[in-house]
Protein chains: 2
Amino acid sequence: MNFCSQCGRPVTLAVPADDDRPRHVCHSCGAIHYQNPTLVVGCIPVWENRILMCRRDIEPRRGYWTLPAGFLENGETAAAGARRETLEETGATVADLTPYLMVDIVHIHQIYLMFCSRLLAPDFHPTRESSEVKLFEEEEIPWDDIAFKVVEKTLRCYLKDRISGRFVFRTDKIEKRELVK
Amino acid sequence: MNFCSQCGRPVTLAVPADDDRPRHVCHSCGAIHYQNPTLVVGCIPVWENRILMCRRDIEPRRGYWTLPAGFLENGETAAAGARRETLEETGATVADLTPYLMVDIVHIHQIYLMFCSRLLAPDFHPTRESSEVKLFEEEEIPWDDIAFKVVEKTLRCYLKDRISGRFVFRTDKIEKRELVK
């Protein structure tokens, strides 16, 4: 951030009064520009014991497999965002979304919130963001070609819980060293 | 948002290529400025069956009672943010934070994440943000003077679960008509 989004003048990093950390501050109009973590919402879409995954056709990690997920937008609930991302990336409609795993990824200022969900029908297709969309049995999951550590964590957590059938909400975090596969 | 925070030139609202909603776009440098919901993190700090609340000494809702909560900052996990806010607003240190209630407040672009927690010691005090900090028995809770609907929801949910002793993670949402008390 170089300029004030309110008045267009240059901003500087300074600790505002009654604050304890540097912010982008505009000395012309007085605006303080806060920067906060972004919420990424996504799904584990399940159909008859198989999990729907998509092969990324966009960067980063083009060509690698992922679960549908993306930035929550203003104007939608977290569950609605996860449903929208699933539709956009796989063409599939999901229902019964239950919050399942929240993952802090502090060094990139993101929090992932992944929902358990079921496919309403086995209808899905490649999309602008996904070159391939496919249902995977557990033993078919392409572990060596997963796009992001958070997706691998989510899948492993889900498959472990599936043994007992108890999907309890939980939290996890990903440290910087873990991110690059 | 009026100006591009990258180059300082005016921005306009336009739907970027491969997008489906208007964003603040800079036609000078090409930057697209996304705006996403903010995560508010907070605690239900408990000491021997009593709940720690604070009386707001800042706007909005100065003079009303609340649970400690505030915007998650870059560089911290959600639990660390909730712990920090509790310390800042009440002077108290909490431990054993467990995610408890997530509340979508779509029309103000916020998601609340409230944690169950226990006070490490009954040590707390007024702070810059709170004129009064106090432990409440259930029957003492100042229901008519609660600052925000999300705080009332959190307290009612917690007190109900306390009867069974089972605090299961859950979600809720607040509609626009509910917000103003």
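**Close-up views of a predicted two-chain model**

**View 1. The open three-stranded sheet of chain B.** In this predicted model, an open sheet of three strands in chain B runs in the order β1-β2-β3 with antiparallel pairing, where strands are DSSP runs (E, at least two residues) and helices likewise (H or I, at least four residues), numbered from the N terminus, and two strands pair if DSSP finds at least two bridges between them. The edge strands, each pairing on one side only, are β1 (12–14) and β3 (32–33) of chain B. Strand β2 (residues 23–25) of chain B pairs with β3(B) in the antiparallel sense over two bridges, and B:H24 stands opposite B:H33 in β3(B).

Residues are numbered from 1 along each chain as its sequence is written, and chains are lettered from A and ligands numbered from 1 in the order in which they are written. Local features need pLDDT of at least 70 and side-chain atom pairs count only at pLDDT 80 or more, whereas totals for chains, interfaces and linings use all residues; side-chain values use heavy atoms, with hydrogens and water left out.

**View 2. The contact between chain A and chain B.** The contact takes 38 residues from chain A and 38 residues from chain B, contact meaning heavy atoms within 4.5 Å. Chain A and chain B bury about 3300 Å² between them, 55% of it on carbon and sulfur atoms; buried area is the accessible area (1.4 Å probe) that two parts lose on being put together, summed over both.

View 3. A:E73 forms a salt bridge with B:R21, with the closest N and O atoms 3.8 Å apart. Because A:E73 lies in the loop between β7 (69–71) and α1 of chain A, and B:R21 in the loop between β1 and β2 of chain B, the pair joins two chains. B:E73 likewise forms a salt bridge with A:R21, the closest N and O atoms being 3.8 Å apart.

**View 4. The side of chain A that touches chain B.** The elements of chain A that give two or more residues to this side are β4 (38–47), α1 (78–90), β8 (94–105), β9 (110–119) and β11 (170–173).

Technical notes. A salt bridge is a side-chain nitrogen of Lys or Arg within 4 Å of a carboxyl oxygen of Asp or Glu.
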